[in-house]
Amino acid sequence: MLPGDLLGTAEEFVPGRGTYEDHGRIYAALMGHRHVDPRDRAVRVDAIHAIPNLGEDDLVYARVDEVKSAMAVCTVLSLASGRRGVPGAPEGTVHISKAKEGYTESLSEEFQPGDLLLARVLQSVPTVKLSTATANLGVVSARCQVCHGLLERTGQELACPRCGNRERRKLAHGYTGLHGVPPSADAPHPH
Ligand SMILES: [Zn+2]
């Protein structure tokens with residue numbers, strides 16, 4: 001429901017929280033889900049918060065949008081647990097000091113735009129800050145920078161089965177090479 005959406009008439013329902021009545025019609029006053037209480041026919045709108053419900057230490061999937069000298073700018077797509085989407089797809093950043101353990105000389109040798117990361121939330125407010133430092137975190141899916149094929153893991157490197165290009169990333173222990181957020185652990189391989 002969006003603000004101003006018609007919920008029903010005042011003959012059908014009693015206006016509740018998150019609604020307003022105008023000329024015998026009840027409308028949503030905010031963005032949210034419509035709910036009718038069957039006991040008293042009260043209609044209300046439960047707000048959807050655009051602010052991501054992220055907490056410190058949550059593991060998330062994030063897509064790398066841009067790699068700058070000091071940070072990778074990402075879109076946070078979903079929580080890793082339950083693969084729940086994060087409303088509003090907020091921006092998150094991985095600072096160069098949080099990309100891996102030890103010294104990182106160049107962030108562009110760790111990440112590339114389009115990579116899918118498994119990352120830990122260091123801070124969620126006011127901006128989302130992420131870390132991929134530990135072995136379980138990092139790139140879980142990457143595309144070839146030459147031909148955009150999905151890269152496959154060969155040891156500590158990635159290789160493109162289409163054009164043979166080899167690339168490096170800060171790989172997560174569980175690099176899958178699957179495109180997009182894995183819907184489940186046993187999803188079929190796209191090849
Ligand atoms: Zn390739």
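The following dialogue discusses how to read several features of this predicted model.

Me: How many helices and strands does the chain contain?

Reply: The chain has 15 strands and zero helices. Its radius of gyration is 22 Å, well over the 16 Å that the globule rule gives for 191 residues, so the chain is more spread out than a compact globule. Along the principal axes, its C-alpha atoms fill a box of roughly 70 × 35 × 25 Å. Of the 191 residues, 38% count as buried.

Me: Which atoms coordinate the zinc ion?

Reply: The SG atoms of Cys-144, Cys-147, Cys-160 and Cys-163 coordinate the zinc ion, at 2.3 to 2.4 Å. Along the chain, these donors follow the spacing C-x2-C-x12-C-x2-C.

Me: Why is the arrangement around the zinc ion called tetrahedral?

Reply: The ideal angle for four tetrahedral donors at a metal is 109.5 degrees. Four donors count as tetrahedral if all angles lie between 85 and 135 degrees. Here the four donor atoms subtend angles of 98 to 119°, and the arrangement is therefore tetrahedral.

Me: Is Cys-144 buried or exposed?

Reply: A residue is buried when its relative accessible area is under 20%. Cys-144 has a value of 0% and is therefore buried, whereas Cys-147, at 22%, counts as partly exposed.

Me: Which residues form a nonpolar patch on the surface?

Reply: Leu-2, Met-31 and Ile-48 form this patch, and together they have about 250 Å² of accessible area. Leu-2 lies in the segment before strand S1 (6–9). With a relative accessible area of 47%, Leu-2 is partly exposed.

Note on methods: Residues numbered from 1 in each chain as written. Predicted model: local features only at pLDDT ≥ 70, side-chain atom pairs only at ≥ 80, totals over all residues. Heavy atoms only, no water. Patch = residues over 30% accessible without salt bridge, like charges linked within 9 Å, V, L, I, M, F, W, Y side chains within 5 Å. Areas by Shrake-Rupley, 256 points an atom, 1.4 Å probe, with all protein chains shown as cover. Salt bridge = Lys/Arg side-chain N within 4 Å of Asp/Glu carboxyl O. Helix = DSSP H or I, 4+ residues; strand = E, 2+ residues; numbered from the N terminus. Buried < 20%, exposed > 50% of the residue type's maximum accessible area, 1.4 Å probe, protein only. Donors = N, O, S within 2.8 Å, 3.2 Å for Na, K, Ca; no water. Tetrahedral: all angles 85-135°; square planar, octahedral: opposite > 155°, others 65-115°. Rg over C-alpha atoms; globule rule 2.2 N^0.38 Å.
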